[in-house]
Each structure stands twice: as C-alpha cells, then as structure tokens.
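Please walk through the structure below, starting with its annotated repeats and moving on to its domains and helix pairs.

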Amino acid sequence: MLADTTNMDDYRYTSGELSPLQKECMSLLKSKQFKSCEILAMMDLSKRQAEGSPDHVTISILGDCAFEQRQFVRAKSYYQKISYADENRYRWKEAQCLKELGSLIEASNVLEGIVNRTPPMNMMLGKLYLASGRTIPASQVFLEVLQDNPFILEAAEFLAVLHVDKLLTLKAVDVGFEKRGLVTSSKECEQLRELISSLVAKERFQTFTALQQFTNLDEEFPGNLYIQEQLALLHLQNDDKAVAARYFERIRKQLPSQIDHMDKYALILNKTKRFGDLNALADSLLLLDDRRPEAWTTLAIYHQSRGDHDKAMKFVEKALSLDQKHAFAHYLRGVILLGDKRPEHASVSFFRSIELRKDIDAFEGLVDSHLAAGNLKEAIASAKEAISLAPRDPRTLTMVGIALAKSAVESAEAKTRQGVLERAKRSLRKVLVMHPSHLRSMFALVDLHIREADYESCIVILKEGLEGNSASFRPPQKPDLVLSKLGEVYTLAEQYDKAIEAFHKALGLNPALTSCKVQLERLDKIIRGLDPNERGDEILEDTPSSDSPQNIYGRPSY
C-alpha cells in the first residue's frame, strides 16, 4: 500500500505564493494526472532555475509525482534536494520513500532526526521499530501518539498487542484529552477508555472480560463493524465457532467488500464442513482484491479441504509473497506441513506466526509439531510459554498435559514416569473442572487412565463430558465422538451390553461415523469368541477420520 505523501499540508500555499504554472501543477496532482503534472512542473522548474527563483515547491511536486508512480529512488532524490526549505516535511517524505524501498533502519534513522515529529510520523516510526523487532521504542512512540491525539486508536491497538500496561495507555489517552480541552469524565471519553480496556483484555486473553466489554460497546454503537469484528474474533478465541460465524456473516451482509480476517471465517466454514460457502467466499475475496493475502489463504483452505495439499501450499506461498507479516498465513502453512508429516518444517512456520502475533492456535500447532518430531523438551517449553500467556484457556492447560503425558510415556525411569504422569493428569483435570466437555483434554485424560486399565475413571470422565456443566456456558462438544469413546472403554472393561448401547447412540447422532461401525464389528467378533483383529468381510475404515479420537497426541485437522 502506498504511503500518503499528501498529508503534510502540501496544498496549503496561498494563491500569492504560487505561480500560475504551479497552481496548475497542484490541480493536476490532486486529480492524479501525474504524467501531465510532471511535464508541466519540469517546464516551471527550468524557468525558475534560469531566473534564479525559489524552486523547492516545484521540486516537491515532482517528488510527489514520482512517489505516486512508485519511482521511490527518484522521489527520494527530489526530497533530499529541498530538505533545507522545510526539514521536517521533506525528511518525512524521504523516510516514506526509504520505507517503500525496504530500507527500514535507514527510514527510522531519518525519522529519529526530526525534532518535532507529528503523530503520523510517530505512527510510521513505531511501525518501523516493530518491523525490526524493537518493541520497547515502538511502545514509547505509540504512547506519544496517544498523548498528542487520543483518537488515533491504531496506536492503542498496537500497545495492546505489545502488552503495554493498560494504566500507561489510559494515562497517555487522558493527557491527549486534556491537550484537546476535553473532560475525561465525559461519556465520549469514557467510551473511548472502555474500548481501549476491551482491546487490552482481548490481547491478554482475558476473553470473558473482553466479551462483556465489547458486548456493552455493541449496545452503545449498534451495527458498528469494528466492534462486530472484535466480537467475532473473541468468540473464535473462545472456541465458539457457531457464534463467531454468525458475527462474520453479519459483517459480510452489512459490508460485502470486507476482507479483514475473512480467512479466519474460512477456517470456521471448513471446520463446520460448509464447503460450498467456503468456495463462494474464496471466489468473492479474489474478485474483491487479489492483492490481499486473505484471498489466497482462503483459497488454500478450500483446496486443503479437498485434500489437495500441493495446491493449498502453493496458495499459502502466494499469500506470503504478498505479505510476509500475515501471521495467519504462516499458521496455515504450519498446519499444511504438519498434515504432510513434516513436523520440523511446520514448527518453523508456527514459530514465525507466534513471533508476529501471539495466538493459542499457533501455540497448539507448535507443541504438536515438537511432539510429532520427538522434541519433548521443546514441546513442554512451548506449552508452558502458552500457559503463561493465557493461564485460564483450556487449550493451554491441555497442551501442557499432553506434552507431559508424552514425555512420561517415553521416560525410561519408572519413578520419573509416574511423577510426570500425575502432573499431566492434574493439568488435564484442571481443564475438565472448568470445561467438562473439552474434547481434547477429555480424551487425553481417558487415554492415560486406559494405559493403567482404570476403566471406571474413564467412564466417569466421559459421562461427565456428555452431561456438560452449566459453568462451562456451552453444550457438550461432539457427543457422538464421546459416546463412541465410551463404547471403546466399555469394550475394554468387558461391559459389552453397555458398549453396544453406546455405539448405537453414537451412530444415531452421526450415521457416518465409520470408526464406530468398525468398533461394533470388532465387538461382535469378541462376543462370538473370534479374533477381533482378523480381517474378514467386516466394514473397513478406508480413510482415516479426522473425527476419530484415536490418539491423545493428535489434534483435529483445521
């Protein structure tokens, strides 16, 4: 995206300060007739240089023409020539050229040399600091932006992402209110403070608090697209895909040209098997703007849903070629690589996604990649980093439990193994206390008890998962899979009648559950005294099912 070179009061000259040719050049520049403007400006410049008249305005016009035509080296040379006339303005424009040329450090050095930086200058400087990994100075300049103008909310967004203390951000906002002569206790100012507090809660994974605050704001500003978008992302963060999908659909209906975060909506469509809607979304986004990474990541998700990993990877790479800092594209690349059984490569993509933006899904992918690659220490370390980020999120506790469980299973010493197993169980039980129906932690804990032949504990856990809990604020997840797992446990416990009942209930909820049919065939052989592993005319599972809860270390496909 082009930087805006016209926001430095280029057109503030009075009629008396401009020659007739310069006035026409200004008019052509405003109407984006750049080539004509350039030809006319060169004529004016020749005349002025011959007469020895001031020429900085004309050279500035030529710089702007070159910039708008993406001739950044040429534009930079023009601005450097006239920095003597107005150092702040033309050094600022020079920095914009350097940024577009990819010289980020040089651009930030130029901006640092400007004494009285404006908020737009500081916004650009903060983004340059972030691009080069300098988070502390970035935080400082974003705070300065809010002190100058508390309504530049993008600065508040960055500060929330950087986990800057909320009180520091709100203090900077109050300073900005006072500079503008606003009463900080007024309703408008309070609403702005509430919005900033909501953003902080969201980025700190205080999901319930953020949901409450954004819901209140949604009532104050009904139909506001930004608030609706935040609510969609929060419900997705809370693993409530159905509600998140409704918000995304509302946004699409209100503004069909919306592109931001629509690849995350695509992810929901894939997980809920709405492949027709997914295909339509991919087509729509490509038609809207094929230069945005979201269009290509959505197309990648569509082809991944069809099992075409090569095309999916090709389109993810296309998305990354458009925007190397699109965190979701790196996450998606990791998912595809992990699905292709390339965990070492997948871990690199997940790590890059986390570098760009802390996200629990990316941490899940990173932990699973380390586990698949046999890097148990790295898996535990990554899981602990995730839990420090979101200590009450069931997914982070589950990550720790699963990583510890895998470590215990592969431990050589019996005493060490038992101690680590108990720690794994405690972590998984914590999840189930808060969310009894959390599928992944439930199956992980059940599989640990199966290893110890403690079938009664397995039955209790699965039954509690089926019943759910009012404290979890959500119905049981995938009861068909829970019933199928319960049938497997009853089979191991030799309670065959209850196993048959559980399998039939599961099939009643989901007749397409192939793994359940296979288990019933096995059970029939066991009852008849035959070898359940003998191949015969039984129903075979021709393709692995992503819904089949067979492995505590696996994770559902995205």
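In this predicted model, an unreviewed UniProt entry places the annotation "repeat: TPR" on residues 293-326 and 480-513. Residues 293-326 are 79% helix and 0% strand, and the C-alpha atoms at the two ends of this span lie 7 Å apart. For residues 480-513 the figures are 79% helix and 0% strand, with 8 Å between the end C-alpha atoms.

The domain assignment of the chain gives three stretches: domain 1 covers 18-115, domain 2 covers 393-475 and domain 3 covers 478-529. Between the C-alpha centres of domain 1 and domain 2 there are 65 Å.

Two packed helices are described by the angle between their axes and the distance between the axes.

Helix 6 (residues 104-112) packs with helix 7 (residues 119-131) at an angle of about 145°, and their axes are 9 Å apart. The crossing of these two helices is left-handed. Helix 6 contributes Leu104, Ala107, Ser108, Leu111 and Glu112 to the contact, while helix 7 contributes Met121, Met124, Leu125, Leu128, Tyr129 and Ala131. Sorted by class, the contact of helix 6 with helix 7 has 9 nonpolar residues, 1 polar and 1 charged.

On the side of helix 8, the contact is made by Leu143, Leu146, Gln147 and Asp148; on the side of helix 10, by Leu168, Thr169, Ala172, Val173, Val175, Gly176 and Lys179. The contact of helix 8 with helix 10 divides into 6 nonpolar, 3 polar and 2 charged residues.

Helix 10 also packs against helix 11. At what angle do the axes of helix 10 and helix 11 cross? Helix 10 (residues 166-179) and helix 11 (residues 187-203) cross at roughly 155°, and their axes come within 11 Å. Helix 10 is therefore roughly antiparallel to helix 11. The crossing of helix 10 past helix 11 is right-handed. From helix 10, the residues Lys166, Thr169, Leu170, Val173, Asp174 and Phe177 meet Cys189, Leu192, Arg193, Ile196, Ser197 and Val200 from helix 11. In the contact of helix 10 with helix 11, 7 residues are nonpolar, 2 polar and 3 charged.

Conventions:
Residues numbered from 1 in each chain as written. Predicted model: local features only at pLDDT ≥ 70, side-chain atom pairs only at ≥ 80, totals over all residues. Heavy atoms only, no water. Domains from an automatic or database assignment. Axes fitted to C-alpha atoms, helices over the stretch in contact; angles between N-to-C directions. Helix = DSSP H or I, 4+ residues; strand = E, 2+ residues; numbered from the N terminus. Parallel < 35°, antiparallel > 145°, perpendicular 65-115°, else oblique. Left-handed = near helix turned anticlockwise from the far one by under 90°. Contact = heavy atoms within 4.5 Å. Nonpolar A, V, L, I, M, F, W, Y, C, P; charged D, E, K, R; others polar. UniProt positions renumbered as here; feature names shortened; annotations may be inferred.
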